[in-house]
Amino acid sequence: MTIRPSQFEIHPSSGVPLFRQIVDQVQAMLAGKQLQPGEMLPSVRQMAAELGVNPMTISKAYTRLEAEGILERARGKGMVILPQPIQGTLAQRQRELEAAMQAAVVRGRQLGLNNNQIQNVLNKLLKEIPQ
Amino acid sequence: MTAAVIKTQGLEKRFGREQVLSGIDLHIEPGQIVGLIGTNGSGKSTLIKCLLGLLRRSGGSSHLFGEDSWNLSAQAKARLGYVSQEFAILPWMKVQAACDYTGAFYEHWDHPHVDRLLTEWELPRDKRVSTLSVGQRQKLAVILAMGHRPELLILDEPVASLDPVARRQFLQSLIEFSADEKKTILFSTHITSDLERIASHVAFLRQGLLGYCGELDTLKENCKRLRIHAASPLPGDLQIPGTVRSEINGPDALVTVTEFHAETVAILSRQWQARVMMEDLNLEEIFLEMSGFAANTPLMESTT
């Protein structure tokens, strides 16, 4: 199965570079199981034409994903999602998560939420994105 | 390294006593899509005309495909397409005739491509140029500039008078054009949202000087606004590397930096017991910040 370009949501006038938006969305789709190993991503040309962006932007995103071991260029077929091995020790992976969660906790505090209320949000997300 | 398509060094242009361009160093390589951004009167059109040899430069050097801009050979001219702001197409000619007439000047004119664009852009073939709307005339000018499949396309404010639909079609045609990775585009504009879709590089022109000139992605990743709220008043001369603009008001500060590092946030938080928030900036905001027009950003975000 190939995911369609229209499943990507891009915002050219955001401060986040376009290639990064695509990289982030592929990672989010993987985490959310919308995208499974073995599935294909559209060709650079298709993505560029349908999203109305520079083909180089798409190439750059794919190259990054390839370097991160998420994608592989399959000869004559396009980009295929690789099975995701878990890398790093538990402590390393937790440290990486901590950085991302810090921003969320700070935001929660600014919104005046207490520990319990923040944890409720986290629990809801954990339910929505199954293991 | 590949040879530059466009290369200028210390390019200067004066009109009488008025210095319009002062020392422009521009380097554009094959495959780049470069957006030239500047306010009205910043010298965008003058720069483009000097590059093309339509205006004689007052100083410095300027080369296109390795040839002096002022002495371009016919071969070099055949490799480029140009749409000016004041494009003149013979007004009494019909659209189809204008295409055929222009095509007759070129050795390799792509008739099917031109035909397809005329249909896609809904240009009436049997209407006279003088009866077309400004937007339609601009579309025609762009088609005429692409008919010989140039390697380099130079467009001066190409989208200024196009409606949103036509602008999207126009961008689409540029994307098609650039699908061949050797093709280079330089286009000036003040509509930054179009640029953000397709530009690989941007160049800021301000009062005849080139500001930032480089990759758009790098610019967006490195240029950030820091909103700082410290425990105690901050010094008026708060030093943060790469500051382009800072506004300090007691314990609050708003600082725009061009060399953002994640450590900066950690250092600031520790040094001033401050809460530091990092904001992403889009191209328009970055341009305004860098040209010093962003003085009106509210210091405090509304707390609601």
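Modeller: Chain A has 131 residues, and 31% of them are buried. Of the contacts in chain A that join residues at least 6 apart in sequence, 51% link residues at least 24 apart. The accessible surface of chain A is about 8,400 Å², with carbon and sulfur atoms contributing 54%. As for charge, chain A carries 15 positive and 10 negative side chains, and the centres of these two sets lie 1 Å apart.

The partner can be described in the same terms. Chain B contains 10 helices and 14 strands, and its C-alpha atoms fill a box of roughly 75 × 45 × 40 Å along the principal axes. It has 304 residues, of which 49% count as buried. In chain B, 66% of the contacts with a separation of 6 or more are between residues 24 or more positions apart. Chain B exposes about 14,300 Å², and 51% of this comes from carbon and sulfur atoms. There are 31 positive and 37 negative side chains in chain B, the centres of the two sets being 5 Å apart.

Where the two chains meet, 21 residues of chain A are in contact with 22 residues of chain B. The size of an interface is often given as the accessible area lost when the parts come together. Between them, chain A and chain B bury about 1,700 Å², with 49% of that area on carbon and sulfur atoms. On the chain B side, B:Ile175, B:Arg197 and B:Asp217 provide 32% of the area buried against chain A, more than any other three residues.

Finally, the confidence. For the complex, the predictor reports an ipTM of 0.74 and a pTM of 0.79. The mean pLDDT of chain B is 86, and 94% of its residues reach 70 or more. Residues 295-304 of chain B, however, have a pLDDT below 50, although this stretch has 20 contacts in the model beyond near neighbours in sequence. Where pLDDT is low, the predicted coordinates should not be read in detail.

Terms used
Residues numbered from 1 in each chain as written. Chains lettered and ligands numbered in written order. Predicted model: local features only at pLDDT ≥ 70, side-chain atom pairs only at ≥ 80, totals over all residues. Heavy atoms only, no water. pLDDT = per-residue confidence, 0-100. Contact = heavy atoms within 4.5 Å. Helix = DSSP H or I, 4+ residues; strand = E, 2+ residues; numbered from the N terminus. Buried < 20%, exposed > 50% of the residue type's maximum accessible area, 1.4 Å probe, protein only. Areas by Shrake-Rupley, 256 points an atom, 1.4 Å probe, with all protein chains shown as cover. Lys, Arg positive; Asp, Glu negative; His and termini not counted. Charge placed at Lys NZ, Arg CZ, Asp CG, Glu CD. Buried area = accessible area lost by both parts, 1.4 Å probe.
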